[in-house]
Amino acid sequence: MRVRLRERLRYWFDRTMDRGTQALIGWLGMASVVLIVLVTSLVVLFTDEGTERNGGWLGVAWMSLLRTLDPGTMGGDTGGRLFLGLMLAATVGGIFIVSALISVLTAGLEARIHELRRGKSRLIERGHTVVLGWSEQVFTVIAELVEANQSERRSCVVILTERDKVEMEDEIRRRIPDTGHTRVICRCGSPLQRADLELVSLDAAKSIMVLPSVGDDGDTDVIKTLLLLNNRSWSGPRPNIVAAVRRSPNLAAARLAAGEEALVIDVDDVAVRLIVQSHRQTGLSTVFNEMLSFVGNELYPYPVTGLAGATYGEALNRFDLGIPVGLRRKDGESLVNPPMNTVIARDDEVLVLAEDDLLIRPAAARPTIVGSAITSAPGRPPTPDHTLMIGWNSRSAKIITLLDCLVEPESLIDIAATQRPENNLQEHLENLTVGYKPCEPTLRPSLESLGLDGYRNIIVLTDDDIDPESADAHTLVTLLHLRDIAIRYGSAYSIVTEMNNDANREIAQVTKADDFIVSTKIISLLLTQLVEDRHLHAVFTDLFDPAGSEIYLKPATNYLLPETPANFATVIEAARQQGETAIGYRIARHSDEPPTYGIFLNPAKTAPLTLSEDDAIVVLAENGRPAVTMPSARDGHGTGGAEAVSPFSSGRGPSAQGPS
């Protein structure tokens with residue numbers, strides 16, 4: 001089939017027009033040149049007088065150019081009719097060309113602005129933090145990164161997700177109006193697409209955080225993203241990569257996809273461990289919230305200037321501001337609450353709990369120790385637990401299994417739920433006896449029929465089968481009933497509950513529950529800490545894994561004589577004598593007062609301090625119980641999938657041991 005020249009020219013013209021604004025500007029420029037050349041040539045050919053008066057061909061061409069660009073220039077022309085007619089033609093043609101040019105430029109500018117607002121432009125940054133994914137957690141992450149970067153002149157957080165860029169920016173401005181020196185940049189794209197990942201300059205990033213999205217496919221998306229990052233060709237050192245999965249069965253796949261260098265956190269496992277430990281130590285979640293948040297006290301490595309050759313126990317009271325909690329060896333090994341006779345080497349770093357690394361200050365002299373206030377009486381002997389678990393969800397079986405490792409023999413846990421659990425929970429349990437009581441948690445008569453006076457601890461779990469907001473609303477109603485029953489009948493049980501949304505936790509504070517476990521917030525804080533310093537991974541592994549040193553709230557009478565004037569330096573010394581590290585205390589009479597709920601970490605060491613029998617000391621300590629393997633799906637009553645070793649991909653053996 002023959003193609004005519006006209007069709008070829010039209011096809012060539014169409015292809016050039018498809019190139020966008022630049023091609024249109026080129027065609028308009030060419031049309032202007034043709035018009036000027038044509039008018040000038042006609043003037044030179046047919047008007048000798050006009051040509052001579054205006055300086056020949058070049059002069060006429062200049063006149064034509066001016067009239068093409070500015071129609072008002074023609075107002076002062078003189079000459080013959082033909083000359084004036086040709087100048088008029090140049091002016092009229094110029095009006096059309098310039099009008100079209102302005103239209104093209106406007107359309108091109110609008111298209112460019114629209115493209116920028118879509119968030120599809122490539123980022124040019126260095127040393128920034130990249131957040132892949134979007135969920136409610138992103139606001140906590142941004143707020144914490146802003147707080148962490150306050151001392152820096154310039155920092156940047158980049159978010160890549162498929163949401164609209166303008167909507168993301170508006171929501172962030174509404175939730176976090178002041179970002180200080182930190183710039184928050186949003187890019188619209190899928191973390192599951194390699195081309196979109198290149199928009200955020202991964203090679204130049206300081207760290208990368210992968211957030212699980214809301215929904216059943218959240219963990220699947222995290223695993224796919226980790227696979228892309230792990231298989232990517234990096235032009236330099238790989239950034240610090242931290243991720244989280246919501247379900248324990250997906251942990252093994254996520255660890256395999258991430259590779260050996262990335263860190264993966266198990267959200268379910270963290271929630272289980274916090275619930276179990278907090279239900280026996282009220283106030284523990286507040287301690288973790290402060291230690292993991294950049295607001296308040298957190299962990300910092302500090303050079304051992306002046307401490308080389310001293311023991312860890314001697315270093316505990318060698319700081320005016322800050323409390324040592326462990327050591328970091330030259331080879332990267334972290335020791336939390338090591339033996340008191342551990343010698344500090346010159347290349348070690350001391351892990352210090354402080355409000356800011358700039359506020360850590362060694363003491364010029366040792367503080368005064370009130371030796372007469374230190375008690376030598378033995379602590380209270382442990383007794384069997386009587387626990388009521390209200391509700392049932394995917395974490396319940398793991399909670400019972402871990403709790404069995406922590407409680408004394410002959411302990412009891414009753415499950416109050418609408419339906420009896422299908423699995424045989426009593427199998428494999430050694431210390432716990434599991435019972436069942438039918439209950440509708442939101443109905444007051446149903447709760448009163450449980451005999452709440454017979455329990456020391458109550459755990460309220462959220463319902464996984466309904467949306468998070470509705471689940472939190474049901475939990476709030478249950479808490480109000482429980483607290484009112486406790487007030488009316490004088491019951492002394494403690495209440496620990498799960499919440500999905502931290503905003504709902506603030507609403508639920510009126511119920512005066514002893515602890516709220518908001519796993520999404522805890523995970524957000526944990527991810528942010530690891531993004532800023534991946535070496536804290538080993539420290540938090542110890543704190544969350546009962547096989548190492550954990551955080552306990554022990555009775556103040558284990559350390560000081562009640563109502564005896566002393567100071568916190570004396571508390572540190574009393575704990576040191578028991579092989580423990582004291583990092584704070586809890587005043588019982590302030591336990592209902594937000595935001596600290598009576599918890600005071602890293603207090604002044606020399607300020608007067610008098611504690612009562614109801615108060616507690618926050619310590620890092622080890623327990624002598626043997627390590628115990630958490631169940632997997634093969635055990636018949638686990639939640640399935642990978643074994644719950646630790647909240648992190650640390651490769652340590654699965655274990656659990658409990659507080660005294």
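This is a predicted model: local features need pLDDT of at least 70, side-chain atom pairs count only at pLDDT 80 or more; totals for chains, interfaces and linings use all residues.

**Entry: K206 and E532.** I started with a salt bridge between the side chains of K206 and E532, where N and O are 3.5 Å apart. I looked up where each sits: K206 is in the loop between α8 (194-197) and β4 (207-210), and E532 is in helix α18 (residues 519-532), so this pair ties together parts 326 residues apart in sequence.

**Entry: R175 and E136.** I counted up the salt bridges next, and the structure holds 26. One of them joins R175 to E136, at 2.4 Å from N to O. R175 belongs to helix α7 (residues 165-175), while E136 is in the loop between β1 (129-132) and α6 (137-148); the two are 39 residues apart. I have R175 down as partly exposed, with a relative accessible area of 35%, and E136 as partly exposed at 40%.

**Entry: E498 and R395.** Is this pair buried or exposed? I checked: E498 is buried at 4% relative accessibility, and R395 is buried at 7%. Their salt bridge has its closest N and O atoms 2.8 Å apart. E498 is in strand β17 (residues 494-498) and R395 in the loop between β13 (386-390) and α14 (396-406), so parts 103 residues apart in sequence get tied together. I followed the shared partners and got one network of salt bridges made of R247, D268, R395, D464 and E498.

**Entry: D472.** I did find a polar atom of the D472 side chain 2.9 Å from the backbone nitrogen of N500. Leaving out residues up to four places away in sequence, D472 touches T462, M499, N500, N501 and N504.

**Entry: a nonpolar patch.** V33, V37, W57 and L58 make a nonpolar patch of about 400 Å². Helices α2 (21-46) and α4 (56-69) are the elements that give two or more residues to this patch. I looked at V37 by itself: V37 is in helix α2 and is partly exposed, with a relative accessible area of 38%.

Terms used
Residues are numbered from 1 along each chain as its sequence is written. Side-chain values use heavy atoms; hydrogens and water are left out. A polar contact is a pair of N or O atoms within 3.5 Å; within protein, one must be able to donate a hydrogen and the other to accept it, and residues adjacent in sequence count only if both atoms are side-chain atoms. Contact means heavy atoms within 4.5 Å. Patches are made of residues with over 30% relative accessible area and no salt bridge: like charges are joined within 9 Å, nonpolar side chains (Val, Leu, Ile, Met, Phe, Trp, Tyr) within 5 Å. Accessible areas come from the Shrake-Rupley method with a 1.4 Å probe; for residues, only the protein chains shown count as cover. A salt bridge is a side-chain nitrogen of Lys or Arg within 4 Å of a carboxyl oxygen of Asp or Glu. Helices (H or I, at least four residues) and strands (E, at least two) are DSSP runs, numbered from the N terminus. Buried means under 20% relative accessible area, exposed over 50%, partly exposed in between (1.4 Å probe, protein chains only).
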